[in-house]
2 protein chains.
Amino acid sequence: MSLDAIPIHVVNTLPAGPGLTGNAPPLLREISELLLRLLETGETAAIDLSALPLTPADLDWLRDKLGEGEIAVTLQASGESTLNETACSGVWWVTHHNENGAVTSQFIEVAFVPELVKAHPQDVAIGQEYLELMIANL
Amino acid sequence: MSLDAIPIHVVNTLPAGPGLTGNAPPLLREISELLLRLLETGETAAIDLSALPLTPADLDWLRDKLGEGEIAVTLQASGESTLNETACSGVWWVTHHNENGAVTSQFIEVAFVPELVKAHPQDVAIGQEYLELMIANL
């Protein structure tokens, strides 16, 4: 039996495919550690995906692995931001767009609630005063 | 000069219009008090609009008065729920639909973040274990 007849199976533990750099899988490990920290201390974290050497294929792979959750948030500020829960509760995929709809930055936020969704006390106080004024003018 | 010649101006302090019962304006006062309580104690509250004698016109009037905020949340569970920030920060208009898209209940929630948007620690723990399993199988 010659060596040529031995079938070779390539076992690849990292994702392979066009455009994949192998930089995405370590992020899953980091997210897992950030989730543990969130559970243990309540500390939140954000990973700036735009600052990492990730290709569009890497981002697609990562997003596919994290899956889709039940909650989707849109925030209309100077551009639209979307904050989508992933299938991993506590992990949010945050995308910011400019006024023309182009993606300006992407983050993975590890938190019970994304920071941008929370109403700030000073804004609530302003809203309450606005409501009082409205009631006075009814 | 006869009395008939004196023009009468009806001054109505409550909203008037087809279908308006006058039951909606007191809710604005209640919401304002709930906002003060939120700011002072952090205590949240929800008003079940379905349980009150409000007509569709009352609800439209109320929603119009509260205005639209920057944040819109959709939650896909057995039916879709929408949780929309109003122009009064900390006041959320929450609508639950059944699987056929019909509205099943409506609430005004007074909170920094609607309760349903928060990830629960036990779900985060499940997500973290799921992620660990995924990493082990990469």
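## Chain A at a glance

Among contacts in chain A between residues at least 6 apart in sequence, 43% join residues at least 24 apart. Keep in mind that this is a predicted model. Chain A has 3 helices and 5 strands, and from the N terminus on its elements go α-β-α-β-β-β-β-α. Of the 138 residues in chain A, 39% are buried.

## Where H1 and H2 cross in chain A

Let's start with a helix pair. The axes of H1(A) and H2(A) come within 10 Å of each other and cross at roughly 40°. H1(A) and H2(A) are therefore oblique to each other, and H1(A) goes past H2(A) in a right-handed crossing.

Which residues make the contact? On the H1(A) side they are Pro25(A), Leu27(A), Leu28(A) and Ile31(A), and H2(A) brings Trp61(A), Leu62(A), Lys65(A) and Leu66(A). Sorted by class, the contact of H1(A) with H2(A) has 7 nonpolar residues, no polar ones and 1 charged residue.

## The two sides of H2(A)

H2(A) covers residues 56–66, and its buried residues are Asp58(A), Leu59(A), Trp61(A), Leu62(A) and Leu66(A). Looking down the axis of H2(A), these buried residues fall within an arc of 160°, so they line one face of the helix. Over on the other side of H2(A), you'll find Pro56(A), Asp60(A) and Asp64(A) exposed.

Is Val94(A) buried or exposed? Val94(A) is buried, with a relative accessible area of 2%, where under 20% counts as buried.

Leaving aside residues up to four places away in sequence, Val94(A) touches Thr82(A), Leu83(A), Ser105(A), Gln106(A), Phe107(A) and Glu109(A). As for Val73(A), it sits 21 residues from Val94(A) in sequence and 9.3 Å away in space, C-alpha to C-alpha.

## Over to chain B: the helix pair

In chain B, helix H1 takes in residues 25–41 and helix H2 residues 56–66; their axes come within 10 Å and cross at roughly 40°. H1(B) and H2(B) are therefore oblique to each other, with H1(B) passing H2(B) in a right-handed crossing.

Here Pro25(B), Leu27(B), Leu28(B) and Ile31(B) from H1(B) meet Trp61(B), Leu62(B), Lys65(B) and Leu66(B) from H2(B). By class, that contact of H1(B) with H2(B) counts 7 nonpolar residues, no polar ones and 1 charged residue.

## The two sides of H2(B)

Asp58(B), Leu59(B), Trp61(B), Leu62(B) and Leu66(B) are buried in H2(B). Down the axis of H2(B), the buried residues fall within an arc of 160°, so they line one face of the helix. The face turned away from that buried side carries Pro56(B), Asp60(B) and Asp64(B), which are exposed.

So what covers the buried residues of H2(B)? The cover includes helix H3 (121–136) of chain A, along with H1, strand E4 (91–97) and strand E5 (103–110) of chain B. Just after H2(B), Gly67(B) takes a positive phi of about 75°.

How values were computed:
Residues numbered from 1 in each chain as written. Chains lettered and ligands numbered in written order. Predicted model: local features only at pLDDT ≥ 70, side-chain atom pairs only at ≥ 80, totals over all residues. Heavy atoms only, no water. Axes fitted to C-alpha atoms, helices over the stretch in contact; angles between N-to-C directions. Helix = DSSP H or I, 4+ residues; strand = E, 2+ residues; numbered from the N terminus. Parallel < 35°, antiparallel > 145°, perpendicular 65-115°, else oblique. Left-handed = near helix turned anticlockwise from the far one by under 90°. Contact = heavy atoms within 4.5 Å. Nonpolar A, V, L, I, M, F, W, Y, C, P; charged D, E, K, R; others polar. Buried < 20%, exposed > 50% of the residue type's maximum accessible area, 1.4 Å probe, protein only. Arc of directions from axis to C-beta.
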